[in-house]
There are 2 protein chains.
Amino acid sequence: MPSPAGLMGQMMAMPLLISSLLKHAARHSGDTEIVSKRLEGDVHRSSWAATEFRARQLAQALARLGCQPGDRVGTLAWNGHRHLEIYYGVSGSGLVCHTINPRLFPEQIAWIAQDARDRVLCFDLNLLPLVEKLAPALTHTEHFVLMTDRAHMPAHSALPGLLFFEELLAAEDGAYVWPEFDENTASSICYTSGTTGHPKGAVYSHRSTVLHAFASALPDAMDCSSRDVVLPVVPMFHVNAWGLPYSCALVGCKLVLPGPFLDGASLYQLFESEGVTFSAGVPTVWLGLLQHVQSQGLKFSSFKRTVIGGSACPPALMKTLQQDFGIEVIHAWGMTELSPLGTLSKLTSRQLGLPAEAQQRLLEKQGRVIYGIDMAIADDVGQALPWDGQSAGNLLVRGSWVISGYFGQAASPLVSLDGEPGWFPTGDVATIDADGFMQITDRSKDVIKSGGEWISSIELENIAMAHPAVQEAAVIACPHPKWDERPLLLVVLKPGASVSREALLSFYAGQVVGWQVPDDVVFLSELPHTATGKLQKLKLREQFRSHRLPGA
Amino acid sequence: MPSPAGLMGQMMAMPLLISSLLKHAARHSGDTEIVSKRLEGDVHRSSWAATEFRARQLAQALARLGCQPGDRVGTLAWNGHRHLEIYYGVSGSGLVCHTINPRLFPEQIAWIAQDARDRVLCFDLNLLPLVEKLAPALTHTEHFVLMTDRAHMPAHSALPGLLFFEELLAAEDGAYVWPEFDENTASSICYTSGTTGHPKGAVYSHRSTVLHAFASALPDAMDCSSRDVVLPVVPMFHVNAWGLPYSCALVGCKLVLPGPFLDGASLYQLFESEGVTFSAGVPTVWLGLLQHVQSQGLKFSSFKRTVIGGSACPPALMKTLQQDFGIEVIHAWGMTELSPLGTLSKLTSRQLGLPAEAQQRLLEKQGRVIYGIDMAIADDVGQALPWDGQSAGNLLVRGSWVISGYFGQAASPLVSLDGEPGWFPTGDVATIDADGFMQITDRSKDVIKSGGEWISSIELENIAMAHPAVQEAAVIACPHPKWDERPLLLVVLKPGASVSREALLSFYAGQVVGWQVPDDVVFLSELPHTATGKLQKLKLREQFRSHRLPGA
């Protein structure tokens, strides 16, 4: 970084370290509760002070196991107090916390743990069978730590030398001083679960994590304060539960961790008994919770607002939460490579004067960036597109909590915008309006590029799915000799329903301009999905690469 | 900074620069208004986009005047758009913005400008006579810039080569790229106005300023969002208007700048016409504004909350704003050496369950620290005192926006706590309760140390001032052969009032424990004050050094 031969500030040099978040919470909100619904069957009550003490014990235990600065400690665990202690004990002591999604295919988990070279693997009680199966493939992993005490150990385990989290902690006195080091040191790793190729690791730093915690607590973001009771429904293995374990320490609020119990009844019970005011998660969780609440005629007594992200929030779900339950819904967008927060949809002072319908349309967009992130949309040669709410382009981002590369990969993923390097291509296609409100219209690889114009596959799918005979729809790009690509509609009909190709295509009339209507329809008995339920459009594109469009 | 031989994060390196705040506001809230009530007589309307453009023009103009990185640019100016443009144009281009309080004695202003070696001095229209008087003493100042256009120039000026802000800008095309440099580079200087000795300069960095902006916008601090309309009553020469010009850019909200027009009628008019939701200032401004509003039977239609600091907020003022006007009052504490925010009084989730009176008592304290700042109380040998709400000690702080030294001074002001160096002694005496709520009880130099116990001079003064015959009171330490120091009460009686020494001392019965009651009373016709109205207790202590206490 070139510095002017100027004057330096005379301010204290305090690195932005993850341990400083925990020290702050323990010192200034020490009694504030950490509540965990556990696999042992109880609701466990801890505090920020106790979390800090146990994180220090863990740091001692990991050092005793031989961990060196920079070593990776993997986790396969749900949202609970021990996972929180691992977050802080591992990162705080200069090790790297590597959270892994237990719901991936076992061979993916093994690949990820091997790629990260996890020296230690900590895992929750009900994941012991999974880990027993994985263990032979985990050649870098020297220690397996079951996140419970010996009393809860199942009768037999095929894992030799299995360690118990509570025994490791009990052997230490907690007389540990959090080390100071360069704030750009790696703190944690999350792997993206791409639909193609191997997963790739995003390596967060202490600095990026603390800055993200500052930004995500802001009123225009998650609006977290010491008056909140926060229940992260989003798992701690999904991009660090969107940073909530860090921002909750930063503001010193009560944290409620639901374990793996994410069904509507369990969640509702915890929301009510703990006075939860704020939660965050993907749309499907809210659908399940609402179904329970509505079918039982219940209402929420403390729940005030939620951030919904991960995938686009259906407008109907947003309206039900807002209008029937008085819950503020904040639509958000982010990704693993962004730690994850990029944009949130919150109205500005001026927009509060708009008619209700215009406000609602803005709230349904993915929203504006927070300070620390910048974004742009670009065409395929990297030229910036206007912010007119109409022009759709590749969404590029840069900022203090955006990755510059992937773990162990020499190639830079970054691209240029108008010749200026250093932008991360998100793989999303979006519009941005004059007020900076971004709306995702497609994934870059799914958009149909027809005669130089871009057609949103998602928009065409949504129209098809609104047809009464259609159960599921996919729109893919099909090669075309004149237009390069044209949209092809693939549909699965509802059981017993029928509709003609022509009737389906004429259903688009008046909903999109004529040149965006698909060129053809193929009826299928089912569409291919990934393990996590995502439509495998790549597979479909390969399957229909040679499909002959009418008139082509 | 020692780094573990570990793994480094793979995140984008984006320095925390003041220019990035303005670029963010211009890009994502470009149309949002900056409204200024000007000395030219108009209400001027600008925007974040226009501010950014004009700041770039200013950066070009200053370079053309010969300014080099690190050079200081002084300001003598009220809250207005040109002052805001100077904040960003100066700091953003690697120069150092040095705001000076125009209400200081001229010789103090000259001393400060010379100490900082200001190469350029920018000043508001009505301060031309002051600057004409100062100019001969400002031997380091090469350029004087009147913050207006030539049309508003008074007929004559004794200043040779006077420049005009608008002419400087008009000569530039704004085609300027904000430079990147080390985020620890100095961004601005504020001098403390101590009651003794020369003022001392706090040298803020870009990093400390941006981190302070993050923290001060948090829900537990000033709670600033894009839905706010912010009017900083606190002057931009008082510790950068408590950082609001930066945090408002960070959140991209509308900013209303009142110029020097801080009388109740002018402020009220601006609050209403611009829809101000949030303001911040010292208690006296609110007294003036309330007097106007109450005498005219008016009410506020948009004003929702205010941060009050600078000196302790009288509980009666707090209650009037809360109960009669529905305005949330956030009591805050800070100082120049803290950029300035240290603590704010906002209730936690648990405290919301306390009875109203207990809540009110907490809100009257100075409050809790924000993440980024830590605090402690210590006795005179630097040993930490307990957080019991009773033990009073020297308040020490450290953090990312606390100074480590003063401009041009080799000696470190920092002290140790329990043997650990690196704490800044605030000069305040305070208690901290178990929840981390801090309450200032005195200034360190004013507290009376009697037989190893500390007696708050402020508490004794407040009791005396509640006596119907007393107009003003000061309590100072008087040397005592047995107890080291004992309190001496100095009073000025109201015109026509009379009260005996014994009656005044017996007035303390039941209000403080017996050994805290002053040993003697001296009646005076007036008490000495500084230019800014502060009681000069040092002068009083010198005057009464030989006072013979009864029984001593």
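**Reading a two-chain model**

Visitor: Where is the place of P340(B) in chain B?

Guide: P340(B) sits in the loop between β14 (328–334) and β15 (341–344) of chain B. Helices (H or I, at least four residues) and strands (E, at least two) are DSSP runs, numbered from the N terminus. A cis peptide bond links S339(B) to P340(B), with omega about 5°. Now look at chain A. The bond from S339(A) to P340(A) is cis, with omega near 5°. P340(A) lies in the loop between β14 (328–334) and β15 (341–344) of chain A.

Visitor: What should I know about the model itself?

Guide: The model is predicted: local features need pLDDT of at least 70, side-chain atom pairs count only at pLDDT 80 or more, and totals for chains, interfaces and linings use all residues. Residues are numbered from 1 along each chain as its sequence is written, chains are lettered from A and ligands numbered from 1 in the order in which they are written, and side-chain values use heavy atoms, leaving out hydrogens and water.

Visitor: How do I read the size of an interface?

Guide: It is often given as the accessible area lost when the parts come together. Here, about 7,000 Å² is buried between chain A and chain B (accessible area, 1.4 Å probe, lost on being put together, summed over both). Carbon and sulfur atoms give 60% of that area. On the chain A side, M11(A), M12(A) and Y371(A) lose the most area to chain B. Together they make up 14% of what that side buries.

Visitor: How many residues of each chain are in contact?

Guide: 90 residues of chain A are in contact with 90 residues of chain B. Contact means heavy atoms within 4.5 Å.

Visitor: How do I describe two packed helices?

Guide: Use the angle between their axes and the distance between the axes. Axes are lines fitted to C-alpha atoms, for helices over the stretch in contact, and angles run from 0 to 180 degrees between N-to-C directions. Take α1 (residues 18–28) and α9 (residues 244–251) of chain B: their axes come within 7 Å and cross at roughly 45°. That makes α1(B) oblique to α9(B). Angles under 35 degrees count as roughly parallel, over 145 as roughly antiparallel, 65 to 115 as roughly perpendicular and the rest as oblique.

Visitor: Which residues of α1(B) and α9(B) meet?

Guide: I18(B), L21(B), H24(B) and A25(B) in α1(B) meet Y246(B), A249(B) and L250(B) in α9(B). This contact has six nonpolar residues, one polar and no charged. Ala, Val, Leu, Ile, Met, Phe, Trp, Tyr, Cys and Pro count as nonpolar, Asp, Glu, Lys and Arg as charged, and the others, Gly among them, as polar.

Visitor: At what angle do α10(B) and α11(B) cross?

Guide: Helix α10 (residues 264–274) of chain B crosses α11(B) at roughly 80°, and their axes come within 8 Å. The two are therefore roughly perpendicular. Residues in the contact include Y268(B) and F271(B) of α10(B), and W286(B) and H292(B) of α11(B). The contact divides into eight nonpolar, three polar and no charged residues.

Visitor: What does α11(B) pack with at about 45°?

Guide: Helix α11 (residues 283–295) packs with helix α12 (residues 315–324) of chain B, with axes 11 Å apart. These helices are therefore oblique to each other. Among the residues that meet are W286(B) and L290(B) in α11(B), and L317(B) and L321(B) in α12(B). The tally is six nonpolar, two polar and one charged.

Visitor: Where does E40(B) lie?

Guide: E40(B) is in the loop between β1 (33–37) and β2 (43–47) of chain B. Leaving out residues up to four places away in sequence, E40(B) touches R82(B), M147(B), T148(B) and H152(B).

Note on methods:
Buried area is the accessible area (1.4 Å probe) that two parts lose on being put together, summed over both.
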